Structures are given as C-alpha cells and as structure tokens.
Amino acid sequence: MTIYLDAVWLLNFFLDLMLLMLTQALAKDSTQKVRILLGAFIASLLVPLSIFYPNSFFTSVIGKLIYSIIIILCAFQFRSIYRMIKLLLLFYFTTFAIGGGLIGIHFLLQDPIGLSANGILTFNSGYGDPISWLFIVIGFPLVWIFTKARMDKHAVEKIRYDQLCPVTIQIENKSNSTTGYIDSGNQLVDPLSKKPVIICDEYFLKKWFSSDEWEMLKVAHDELDFEKLPKDWEKRINIIPFQGVEGNRTFMMAIKPDNVVIFYNDQKIVTRKILIGIQFADLTKDQSYHCLLHPQIVKMATVNSA
C-alpha cells in the first residue's frame, strides 16, 4: 500500500487548524492566528511520527494526552492551569464532536442493505470501511459550521435562561402568572411618575380583558382616539411617550397594576410602583416568556425572602 505522506500531512494540518479555530471560537479567546497556525503544525507532526515510529511513547494514551497539552500550549498563551485545562477539554470536545459527526453522516449515507438471490441480506462493512478524502474535505467544514452554530446558540439560550424568572401580576383582583425576561435594554420609564415600565404581550394581557374590550383597546391605540377606550379601564390606562429604536417618537399604552410579584434569585420581589406597557403582539415566537422586566425593579422594589 502506498502512503502519500505529504498529502496526509497537509490534510491533517488543515483539520487540526479548523479544530483549534473552533476551540478558540468556543473559548472566546483572543490568541493571534499565528499561534493557532503553530499549534496546527505541531499537531500535524503526529502523522509522520506515528508512521515512522509507530511504537513511540507519543502513540500511547498518556503520550497523546501529553502531546495534546503541548499543542494547547503552543496554540494558546499560557495564563493559568485552569484556563489550560479548559482549552484542553474544549479541544477534545470539538475533536470528538466533529469526528463523531463525520462518522455518523458517513454511515447514514451508506446503504447497509444488500440483495441476494435468496432474499434481502443486511451487512455492515465494519470499522475498516474507509472514509474518502473528498467526503472529509466537504463534510468536515459542514460539521464544523454546524457545531459552532449550535454551541453559539446554546450559549445565547443559556444567557437568556439565566435571565428568566416567574412573574405574577394582579389587576382588578385577578392574578395571572407567566415567565418574565430581565431585559437590560429596557430603560422605559414613565416621565411623569418616574415609574419603571415592564412590557407584557397580547397573549398574556388578554386574560384580563373580554374580546370586545381588547378590540376597543386596539382601536384606541391604532387610531389615537382615546375616547374609544373601554369604560371600565379608563382610570387604569396611562399614555407613555418614548423614542423608538429608529429615533422616531411614539407612545405606548400602559396599565396600572394592583400588585406585581417577581421571584428572582430565590428572593420574592413585591411592588406596585410600576406600569405595564401593552404589546399588541407576541414578544417571542417560541412563547418562552410574555413579559419584559425592567432591570430597575430588582434594585428599587421591596425584597422579602421567598
């Protein structure tokens, strides 16, 4: 069997380079690209080392672990043992994730069923089934992109999950509960009363209104005709001017609640010094929350133990 060492070496260099780049991206590290290239080159040296010295120390499990540490030290600047271990684990994670993804796609695309004269015969070609270079060259970047996209989305969702908390709102002696999202970008405050404004969407707020009352509320908002407000809600509705994202000035209808209870970090926050802005649409597509909380609430409200 002929082994084209230069081609195998070059292929492994690019694979190692992409693995280290993915490790850098997941760790959000600012290491220079030159060090990543150096680390990929050091990692690719394992190919000729394994071919010419198959029984060397670096082909053993402990040897590969030590070699991985050398790769990380070459690719990333050493700052602490904790950071080095974190990068090492991320490097192994990306290697297993992408390697497993490639093998999974390979066997998924294979046809594991063969036909014989006596009927249907199933077969498995075993672990020795070679994966073509073309498949690796095409599949590796695709799996790399998918893995990075999923990890980025997971990080965003984790941040969002950490900012979610249960909320109970009482209006007209009727209480309903939902999930609130602490939005640091929500700085909306009523200019007259100086009360912070939280925003609840249509799905949640309609629980306090009849169908006719909600339609009247929407008409009053759309036509800027506040004489069309439902009679029973006139005393509770405030008009709050604010500046939109594009700089245009507009207004928002807000409701005065009887009470708002927020459970945040094992604490119970109770307040009525707040207004509830009305969003005539859903806040999210996945319905994960129905209330945008004002960050000021956590600071100004009375906190009791939950």
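How many salt bridges does the structure hold by this rule? The count comes to 5. The model is predicted.

## The chain as a whole

The chain has 306 residues, and 35% of them are buried. Its secondary structure comprises 9 helices and 12 strands. The accessible surface amounts to about 19,000 Å². Carbon and sulfur atoms account for 61% of that surface.

## Salt bridges

| Pair | Closest N and O atoms |
|---|---|
| Glu172 and Arg236 | 2.7 Å |
| Lys228 and Glu223 | 2.7 Å |
| Asp258 and Arg236 | 2.7 Å |

Start with Glu172 and Arg236, which form a salt bridge. Glu172 sits in the loop between strand E3 (164-171) and strand E4 (174-182). Arg236 sits in the loop between helix H8 (211-223) and strand E6 (237-243). The pair therefore ties together parts that are 64 residues apart in sequence.

Is Arg236 buried or exposed? Arg236 counts as buried because its relative accessible area is 15%, and the cut-off for buried is under 20%. Glu172 is partly exposed, at 43%.

Now take Asp258, which also forms a salt bridge with Arg236. Asp258 lies in the loop between strand E7 (249-255) and strand E8 (259-264). Through shared partners, Glu172, Arg236 and Asp258 join into one network of salt bridges.

Lys228 and Glu223 make another salt bridge. Lys228 is partly exposed, with 34% relative accessibility. Glu223 is partly exposed as well, at 47%.

## Two positive phi values

Glu172 has a further feature. Its phi is near 55 degrees, a positive value in a residue other than glycine. Leu224 also has a phi near 55 degrees, again positive and again not in a glycine. Leu224 belongs to the loop between H8 and E6. Its relative accessible area is 52%, so Leu224 is exposed.

## Nonpolar cores

In soluble globular proteins, nonpolar side chains tend to be buried together. Which residues have the most contacts inside the largest nonpolar core? They are Ile169 and Ile198, in a core of 28 residues.

E3 gives the most, with 4 residues.

Among the residues it touches are Ile169, Asn186, Ile274, Leu275, Ile276 and Gly277. Its contacts also include Cys291, Leu292, Leu293, His294 and Ile297.

A second, separate core has 22 residues. Ala27, Tyr67, Leu90 and Phe91 are included in it.

The structure holds 0 disulfides. Cys200 is in none, and the nearest cysteine sulfur, that of Cys291, is 3.6 Å away. Why does this pair not count as a disulfide? The sulfur atoms are 3.6 Å apart, and a disulfide needs them within 2.5 Å. Cys200 is buried, with a relative accessible area of 0%.

Which residues make the nonpolar surface patch of about 490 Å²? They are Phe57, Val61, Ile62, Ile66 and Ile70. Phe57 is placed in the loop between helix H3 (46-52) and helix H4 (61-75). With a relative accessible area of 48%, Phe57 is partly exposed.

Notes: Residues numbered from 1 in each chain as written. Predicted model: local features only at pLDDT ≥ 70, side-chain atom pairs only at ≥ 80, totals over all residues. Heavy atoms only, no water. Patch = residues over 30% accessible without salt bridge, like charges linked within 9 Å, V, L, I, M, F, W, Y side chains within 5 Å. Areas by Shrake-Rupley, 256 points an atom, 1.4 Å probe, with all protein chains shown as cover. Salt bridge = Lys/Arg side-chain N within 4 Å of Asp/Glu carboxyl O. Buried < 20%, exposed > 50% of the residue type's maximum accessible area, 1.4 Å probe, protein only. Core = buried A, V, L, I, M, F, W, Y, C linked by side-chain atoms within 4.5 Å. Contact = heavy atoms within 4.5 Å. Lists of a residue's contacts leave out its neighbours within four places in sequence.
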